[in-house]
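Good morning, and thank you for joining.

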Amino acid sequence: MAEYILKRCLALIIIVFATAFIIFTILYFTPGDPARALLGASASDAEVAAMNEALGVNRPYLVQLGDFFYDTFIRFDFGESWVYGRPVYEELAARLPRTVLIGLSAMVLNLFFGLLLGIFAGTHGSKWQDSLTMAIAMVFISCPDFWVALMMIVLFSLKLGWLPPYGIGGPEYYIMPIICASLGGIAVNARQTRSSILEVYREDYITTARSKGQRESVVVRRHMLPNALMPIITTIGTGFSRIVAGSAVIETVFSIPGVGTYMLSAINGRDYPAVRASVLFFAVFTCIVMLVVDLMYAFVDPRIKAQYSRVRRAKVQ
Amino acid sequence: MKKRFVSLLLALCLILTLAACGGSKGKPTGDSSEPPANESPSPVQEVTPPPVDTARRTTADTDERYPKVVIGLNSDPQNLSPFDPNAASKPYIFFEFYECLFDLENNEYIPVMAESFEHIDDLHTQVKIYDYIYDHAGNHITADDVVFSYQTLLDSGFAIKYSAFADIKKVDDYTVEFTWNYPLDSVGVLEFPWCRTFIFSQKAYEEGNFATNPVGTGPYKVTHFTSGSKVVLEAVDNYWQKDESKISDRHKAKVQTIEYTINTEAAQHVIALKSGAIDFSQVVPDENLKDFEGNEDFSIYVTPASRTFFMTPNVEGAFTSDINFRKAVFYAIDNEALATATGGTVAAKALGSGFFSDYQKSWEDEKTYINTYDPELAKELLKQTSYNGETIMILTSNAELHKNIATVVQNFLTNVGINSDLTLVEPAQLGNYTTQEGWDLFIHDLGGGSQLGAWNRVFNRDEFANGKAFGFIYDDTLQNLYKDALKVANYGPESITELHNYVLENAYATTLVCGKLNMVYNSDIANIFLREGAYLLPGSCDYYLD
């Protein structure tokens, strides 16, 4: 198992290096210059040229690439944002908790309600409860996040006056963003769970458990769910990464200064240090989440754990 | 089958329930005379703010401050460093807590931190500052700080419009001397060096981080800043300027707390106004203005803005090099319809915006291709060219308004037989395409403090790396007319009109629509104060106190 984790960590390092190289190269060859974005339309061409010189974006590709790798991986310095005027890591560190708070909370809701609805639908296969649950799930999958967000704002802020429409502050500011970020995931998880439950529903070991006289709730909890969890864990991993990486939409609508809006404004403003750091962050984050998901397989499914042990034993022999 | 039908019905009910949340017009007055939703409303041209109710007590009558006002902004200042004051929402916020040596009002330099100034000769000016200026941290501002502020700005690369500036040096503790690159014979030449350069303490700058915790000298200090979300300012009780007679209206503190909240979505501003989350927004969409009409809790003020949308042809283009083709293009466009179709703008009637004080209303009296829509004439002119249905390229930004304007323009051109393709680029990068060949028509927006200032990035070839004016125009007469109009000795209606007419004679450019500010605000605000006619200064507004 340790060997497996080590291998995955090595792969993570390679992925991070490759991502850094790719994002740097893409930005380097993207048309347009950052100075124009910074100084605006009213600046003369000479002033723009001087600013580009000051930013160092006129230097040769390899020189800039070398500096970037040295600063990022040796000095662990992402540089200073050209737009925000402060170190990128400071801005990321200030914004990260909000993005993670929304992402994690949405994920918890995804898991809880997704599993609940999925089990409910799966165990009521082909009945009206199943159809209704899946119809609701379909609606939530079909509705774009921003539209749901606006509808919620109209209802809860404007009509009912219960929640603030946007901004940051106390916990009440995060209720709508979290619900919006979770709805699509709940629906996906519910559908996935239902599908997995239906797959194991008529397996022999389930029939055996029932024939032993076990209550249905016990059958579901002890026999169905553990066997149905594998594909669900996969969607949880990708879902979590998607929520965090796609946070820009929710953050924009609710005006929450998170990593998503930071990356968005960095891209629009050609703020290369901020774009590079944000992309690297998302890459590392996704890799770690996927690693955790892989490790969870082993804990959930003893067969996988045993498989690693067998491989190790075979190598020793 | 029955179950599926029931499920489908339930799903439809759910969708309708959700959609119903947004279906209401939210109109507070219950006016039944509003046009049906599928009709295009005419754009609101101008709405004057309601008069101040003299029977009520306002902050103008007393030293008492209004407790708090929340301003909705649609862009993030991103940082609070004392540079680049025209970027994003900085012009709305910065002038409450930073100050410059002078303010600019109608091309006049009004002393703020400067006590006086004296032109020593054509290339040197001495400015004396007050000897009792202190910043919010209690640091005494001296000539050393002034020199440091200028040097820091120059080092940052944000010193734009600084062509006149050569150097600054300390003369004594409270006097600095500017050296100029050329005699100051042009209008507004010191706008950026004197009125857009913030002065701050060297000690405060070196000890702190102005990007997040700036220390200024203005009537407000920053107490909270979260980039992308909000900026909170508190009135300073010991503002350095104690002499009331020397405090201009721009530097008042009539409200105790100013909170700026940032949301890029205009629809969100409407909701925030209605729910009381914000007190002021100037980005309310045209179609939502009627939601606030007749509601005594809100006031509406619609006024022109400096933002002007130009369309400039490439005079070296295959077809656009022909003046008849250019005029055909311009006559084919109905600015009134364009403004109605795109919303948030008013039709241009001359080459500029009525927002500017040096814009001449008389320009609108003459029938020109800007205020005349004549597709038949456009077709006639087109026949006199070598154009034979080829596709020309319209270049503009992919920002929503630019894109909409370009799409409508494209349709107008199609109507007279001109085929075109739209090329959309990122807003921040649009300026880079001015000197790159390949486009035929370029739609862009410009603003500024004056009409001549707005024309600078169109007709002043000195601004461009290729030595040609926008649209690859190389015309000595145009350049001389522009330079002459700028000269203090010539500056006035005649020289500006001469330039305006010359551009139209040669069909070098047209103006399509002009921006406007759709302001809706809490009716507790008695009187709106706009810096340079465009930027709200909440500290200088008057508020009802009862």
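By contact I mean heavy atoms within 4.5 Å. Please keep in mind that this is a predicted model.

On that basis, the contact draws 52 residues from chain B and 48 residues from chain A. Putting the two chains together buries about 4,200 Å², and carbon and sulfur atoms give 58% of that area.

How many salt bridges cross the interface of chain B and chain A? The rule finds two. In one of them, A:Asp45 pairs with B:Arg457, with the closest N and O atoms 3.7 Å apart.

On the side of chain B that touches chain A, the elements giving two or more residues are helix H1 (2-23), strand S10 (255-262) and helix H6 (266-275) of chain B. H1(B) gives the most, with ten residues. By class, this side of chain B comprises 20 nonpolar, 22 polar and ten charged residues.

I turn now to the cavities. The count is two of 30 Å³ or more. The largest cavity holds about 80 Å³ of space. Its lining includes B:Asp103, B:Trp240, B:Lys246 and B:His251, and divides into six nonpolar, three polar and two charged residues.

The second largest cavity holds about 40 Å³. Among the residues lining this second cavity are B:Phe158, B:Phe192, B:Arg196 and B:Thr197. Here the classes are seven nonpolar, one polar and one charged.

Terms used. Residues are numbered from 1 along each chain as its sequence is written. Chains are lettered from A and ligands numbered from 1 in the order in which they are written. This is a predicted model: local features need pLDDT of at least 70, side-chain atom pairs count only at pLDDT 80 or more; totals for chains, interfaces and linings use all residues. Side-chain values use heavy atoms; hydrogens and water are left out. Buried area is the accessible area (1.4 Å probe) that two parts lose on being put together, summed over both. A salt bridge is a side-chain nitrogen of Lys or Arg within 4 Å of a carboxyl oxygen of Asp or Glu. Helices (H or I, at least four residues) and strands (E, at least two) are DSSP runs, numbered from the N terminus. Ala, Val, Leu, Ile, Met, Phe, Trp, Tyr, Cys and Pro count as nonpolar, Asp, Glu, Lys and Arg as charged, and the others, Gly among them, as polar. On a 1 Å grid over the protein atoms alone, a cavity is a set of points where a 1.4 Å probe fits but cannot get out, and a pocket is an open set with protein on both sides within 12 Å along at least five of seven lines; lining residues have an atom within 4 Å of a point. Grid points are joined across faces, edges and corners, and a volume is the space filled by probe spheres set on the points.
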